[in-house]
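Please look over the sequence and the structure shown here before reading on.

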Amino acid sequence: MKKFKTKNFPTANEISSELKYERNKIRFRRIIKSSVYALVLVAAIAVLIATLVLPVLQISGTSMEPTLNNGEIVVLFKTTKLERGDLCGFSYSNKILIKRVIGLPGDYIAIDEEGNVFVNNKKIDEPYITEKGLGECDIEFPYQVPESAFFMM
């Protein structure tokens, strides 16, 4: 009598577990892919918000001490509604500066020899100043702030 070789075919349980493994592999890849897409989307939205709505800056320099110190991190809020005394960030000579709004459009600004600042002939109270300093200035006082402009120090 001849003997036949028999092949071991997988059982129904083995086929079922292999199918389950393959489905889980596909599901895992899908989850990873969607997670990566979600993270990229969140990062892109965060960058847009940080650059367009709420820029984050690090203070470098001592010109705004004691209000803002060198190395501090600030978040700016973009607005066009500025009031006297507000801190404002703006671009000047390829740098972002943060200064205090002193004069609004149409105001008259004057600074005397002692460093006192007058807005519309009234001396302003500047409790945030520790010492007055007269720097270089190419503006002749009294100076009228042009419409749609602000005077900052």
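Leaving out residues up to four places away in sequence, Asn 116 touches Ala 110, Ile 111, Lys 123 and Lys 132, where contact means heavy atoms within 4.5 Å. The model is a predicted one, in which local features need pLDDT of at least 70 and side-chain atom pairs count only at pLDDT 80 or more, whereas totals for chains, interfaces and linings use all residues. Residues are numbered from 1 along each chain as its sequence is written, and side-chain values use heavy atoms, with hydrogens and water left out.

Asn 116 sits in the loop between β5 (108-111) and β6 (117-119); strands here are DSSP runs of E with at least two residues, and helices are runs of H or I with at least four, numbered from the N terminus. Asn 116 counts as buried because its relative accessibility is 7%, the cut-offs being under 20% relative accessible area for buried, over 50% for exposed and partly exposed in between, with a 1.4 Å probe and protein chains only. The side chain of Asn 116 also makes a polar contact with the side chain of Glu 114, at 3.4 Å (a pair of N or O atoms within 3.5 Å, of which, within protein, one must be able to donate a hydrogen and the other to accept it, while residues adjacent in sequence count only if both atoms are side-chain atoms).

Between β5 and β6 the antiparallel pairing runs over three bridges, two strands being paired if DSSP finds at least two bridges between them, and Ile 109 stands opposite Val 119 in β6.

Both of these residues belong to the largest nonpolar core, whose seven residues are Ile 102, Ile 109, Val 117, Val 119, Ile 124, Val 145 and Phe 151; a nonpolar core is a set of buried Ala, Val, Leu, Ile, Met, Phe, Trp, Tyr and Cys residues joined through side-chain atoms within 4.5 Å. Apart from this core lies another, of six residues, among them Leu 57, Ile 59, Leu 68 and Ile 98.

β3 and β4 pair over six bridges and form a hairpin with two residues between them, in whose turn Ser 93 has a positive phi of about 55°.

The largest pocket has a volume of about 1,100 Å³, and among the 36 residues that line this pocket, Lys 99, Gly 133, Phe 151, Met 152 and Met 153 are the closest to its centre. A pocket is an open set of points on a 1 Å grid over the protein atoms alone where a 1.4 Å probe fits, with protein on both sides within 12 Å along at least five of seven lines, and lining residues have an atom within 4 Å of a point; points are joined across faces, edges and corners, and the volume is the space filled by probe spheres set on them. β4 gives the most to the lining, with four residues.
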